[in-house]
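Subject: The structure we talked about

Hi there,

Here is the structure I promised to pass on. Have a look at it first, and then read on for what turned up.

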Amino acid sequence: MTNRRFVSIALALAFLVAPATAQRWAPVEPNYSGALHWRNVGPLRGGRAIAVTGVPGHPERFYFGSVGGGVWRSDNAGRTWSPIFDDQPVASIGALAVAPSNADVIYAGTGEPDWRSDLQQGDGMYKSLDAGRSWQHIGLTDTRAIGRISVDPRDANDVVVAALGHPYGPNAERGVYRSTDGGKTWRKTLFIDNDTGAISVARDPRQALILYAAMLQTRRPPWDVYAPSKGPGSGLYKSTDGGTTWRALRGNGFPSAGLGRIGIAVAPTDSQRVYAIVDAQDGGLYRSDDAGEHWTNVDSEARIWGRGWYFEEVAVDPHDADTVYVSNTSLYRSTNGGIAFTAIKGAPGGDDYHMLWIDPNASERMILASDQGVIVSVDGARTWSSWYNQPTAQLYHVSTDTHFPFWVYGAQQDAGAIAVVSRSTRRGIGQADTRPLTAGGESDMLAPDPLDPNVLYGGRVEREDLTTRTVRALSPTLAQPGDWRDTWTLPLAFSPRDPHLLYFSRQVLFRTADGGATWRAISPDLTRDNPGIPANLDAPTAQDWSDPALPPRGVIYAITPSPIRAGMIWAGTDDGTIQVTRDEGATWTNVTPPSLVAWSKIGIIEASHFAADTAYAAVDRQRLDDDRPYILRTHDGGRTWRNVTRGIPAGSFVNAVREDPQRRGLLYAGTETGVFVSFDDGDAWQPLQLNLPAASVRDLTPRDDALVIATHGRSFWILDDVTPLRQWNARVAAAPAWLFAPQRAYRMTPYDDEGTPFPPETPVGENPPFGAIIDYRIGGRAAQTVSIAILDTAGNEVRRWSSADEVPPVDPQKLDIPAFWVTPPLLPDVRPGLHRFVWDLHYAAAVAESPAQESDPFFVRGIWAVPGPYTVRLKVDGRTLEQPLRVALDPRERATAADLAAQFALARDVEALRGEVLRAARRQPQNVRFADIDAALADVERSVESAPAAPTAGERAAYELQRQAFAQAGGMVPP
């Protein structure tokens, strides 16, 4: 990522502004066009993927679909990946297929079919006719999860789809579908009932009209249980007419008792050889040598078929019917027809592999999907590409610490907890800027200690010392017997009023005031006595939970101490209650709205920073098969609630809601499809998506001037400097030009790779703009000229830019590095809308060696500005606007104000001398001494400005030495 010294971004913020006395600003149209910018900071380790394919005839091209991160393409066998689905409204991909007869035709099925306790749904089928450059939705909207796609090798328009259906309720749009017109129309050709869907379909590579389909009756309940149910609708079917009609394959050695998920593969060299990996009472790998009529269980080892609801995928070598692969916690291979298997890819802890695609023309080429990401092999599985080049991490929550710059923390599904720095010292945020964590596991919350950023609490509960990497288990239930209930994610929160208080919960709320050494329960069981079984469940699912002797029970899922009233704590449960205490747990009041039915999960409660009786609750009802958005708001301590979600569409159910801590009424919502913002306390919402791809946003938190989010499939993102959102009002909307008051800028060491930079193909997270961010708005129509100036306390111009300036073009033939390293400086934008400009906190250079160097991102322009007060002056067609700007020293620096003043004085003298030297060099290009003098002066300038102290006698002497050398060389020494 190149360091842009100047950033100009345009955005049209069109709001319907109510009278100023009402202090309400509602948007007319959600027309953000790019002024504010989300940046992905990583982690770059891949997240869960279950859909992969290569392209026969294109040996370097591969695709994968992430369960929460869209479709990605590589044209270099997995060395790098590019997202190609980001302009679509859905992020979860369950199946991919490239048409064998036309490599430009790709089908994508959305929604993940591996139904864990945490899953993401889709909205049907998509198709590309240009190898993924553009996409169109082609129906099956209500299928919610697509398990597999098969395209006729002779006809790219003949496609068969296995649709699993709604994970939490019955629906009719499920089963096997066939289209013979490329998705324009669909015909349901295999349907059992509204509770049974299709999980897989496999085609005979030698006889395209022969297909096998696996049906699966399964459902997820709203309470915590490891595996989903499986019902009597499950079974194996065969078609001999291209998927138009089907017959069941039962008996003759194929299992029936406890039948669940089935994965199927036909040997490309032998149509009679069919493999099925089966989840059943007598599960294992089954083989048929007569095209599915009779079956033999050739291997019943649990390692190849266990957790069948999650895995059950099989692949056959295209040149050898006896070489078969099974995906499970490791990748297994058999060379004797499935009788014995050897693990060939895996690691302690289980990488969890889901699908292997093998090139039908070259069996050494393969791509493998796993919980860790996607990897490619071009040598028959001996070596693999990396999964540390895919920012598709599935994160549950986000927290930040008190470091400067701050770190971002979260638990990544299947890869463990992780910390990522919010800004790196390098040009991009790379692998060295992340650190794995023990506390927090793969799904829980992390709470950095507010009193010591080197201490972290996470999980259930563990204390991790980030300095020594020691971890101590401190769970409040370790020494307390009882029936402590559990769920995949449990909350952990420090009090914002008293940083010594840490809270954790099961079905009761626990508190510690001594770092976890002792705990005290400060609530009774706050969940429902008997939430009951919701009507959306089928009979097998209703009976399938951990302890039939007890009714299903929930846990406390949200803990929120008030930031302004001591002793006030809000608690929400995953079975649908909201309770509040005003006396640190001595008494509790159930303030659940009567309309909030059981199993409405209270994901997050946000306690207001401005009024103690105001709170907001994000309610997730997808487990009741209801994907509408719910944000409950109270202004009277929970006595009354109102659902405030106007502007958030159905399908974007809400995972998190947060209040801006600086502007009352400014709210942010993280939904299943992205981010929304409200300027009027939730009465109306509009997208804050900007450049963020569709993603499940699980949590968000304002931090200083930024907004940080955790996505479940696209890693962490940060929206830097939300000043325009906080300062927007009726006057801004009506003004022909407006300069926003800039936030404090910190003088920090410029980004530096300390040697050779990252190669451009190495994926890195994006750093924030370097310097002072200046936001301004042009209203109505385009301006003729716009200029921006930085003034010191005496009113002198430090730096000035104008839209009328000319930027000399960069000539690649005169550069000694590739032109992509050079980013020409941008000028102030004159177009209507909101714009962002960045001052890099340097004075203008006395003289640049060349126009190319003026554009060189490695070249530091001028001397560093001294921390202190400045003024930003904006001129728009003769109108002048000014705002104060404060430049602060990096808090980690030790230099005093006197030190900085002395540095500035000497650096200014050095810069003036450099200007004379460079001018002399242009007059006398044959005099090589001038270049040596300039290089020596540049070293002096760098040395002076990088030190945390006043200039040394040696630095001053070095400057004087070069003055003398310049004079001796015939130069004009400045006074």
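Let me start with a question: is Arg892 buried, partly exposed or exposed? Its relative accessible area is 45%, so Arg892 counts as partly exposed. Please keep in mind throughout that this is a predicted model.

Arg892 forms a salt bridge with Asp890, and the closest N and O atoms are 2.7 Å apart.

Two other pairs are worth a look. Arg800 and Glu797 form a salt bridge with 3.9 Å between the closest N and O atoms. Arg800 is partly exposed at 44% relative accessibility, and Glu797 is partly exposed as well, at 46%. Then there is the salt bridge between the side chains of Asp934 and Arg914, at 2.9 Å from N to O. This pair joins distant parts of the chain, with Asp934 in helix 7 and Arg914 in helix 6, 20 residues apart. Asp934 is buried, with a relative accessible area of 6%, and Arg914 is buried too, at 12%.

The whole structure holds 57 salt bridges. Elsewhere in the chain, a network of salt bridges links Arg48, Glu112, Asp114, Arg148, Arg261 and Glu313.

Asp899, in helix 6 (residues 897-923), is another matter. Asp899 is buried but has no salt bridge, and the nearest side chain of opposite charge, that of Arg894, is 8.7 Å away. A polar atom of the Asp899 side chain does lie 3.0 Å from the backbone nitrogen of Thr896. Beyond its neighbours within four places in sequence, Asp899 is in contact with Pro948, Ala949, Ala950 and Pro951.

Finally, helix 8 (residues 953-968). Its 16 residues should span 22 Å at 1.5 Å a residue, and the end C-alpha atoms are 23 Å apart, which agrees. The buried residues in this helix are Glu955, Tyr959, Gln962, Ala965 and Phe966. Viewed down the helix axis, the buried residues fall within an arc of 125 degrees, so they line one face of helix 8. Helix 6 and helix 7 (929-946) are among the elements that cover them. On the face turned away from the buried side are the exposed residues Ala953 and Gln968. Just after helix 8, Gly970 has a positive phi of about 95 degrees.

Happy to hear what you make of it.

Best wishes

Note on methods: Residues are numbered from 1 along each chain as its sequence is written. This is a predicted model: local features need pLDDT of at least 70, side-chain atom pairs count only at pLDDT 80 or more; totals for chains, interfaces and linings use all residues. Side-chain values use heavy atoms; hydrogens and water are left out. Helices (H or I, at least four residues) and strands (E, at least two) are DSSP runs, numbered from the N terminus. Buried means under 20% relative accessible area, exposed over 50%, partly exposed in between (1.4 Å probe, protein chains only). Lys and Arg count as positive and Asp and Glu as negative; His and the chain ends are not counted. A salt bridge is a side-chain nitrogen of Lys or Arg within 4 Å of a carboxyl oxygen of Asp or Glu. A polar contact is a pair of N or O atoms within 3.5 Å; within protein, one must be able to donate a hydrogen and the other to accept it, and residues adjacent in sequence count only if both atoms are side-chain atoms. Contact means heavy atoms within 4.5 Å. The expected span of a helix is 1.5 Å times one less than its number of residues. The arc is that of the directions from the helix axis to the C-beta atoms.
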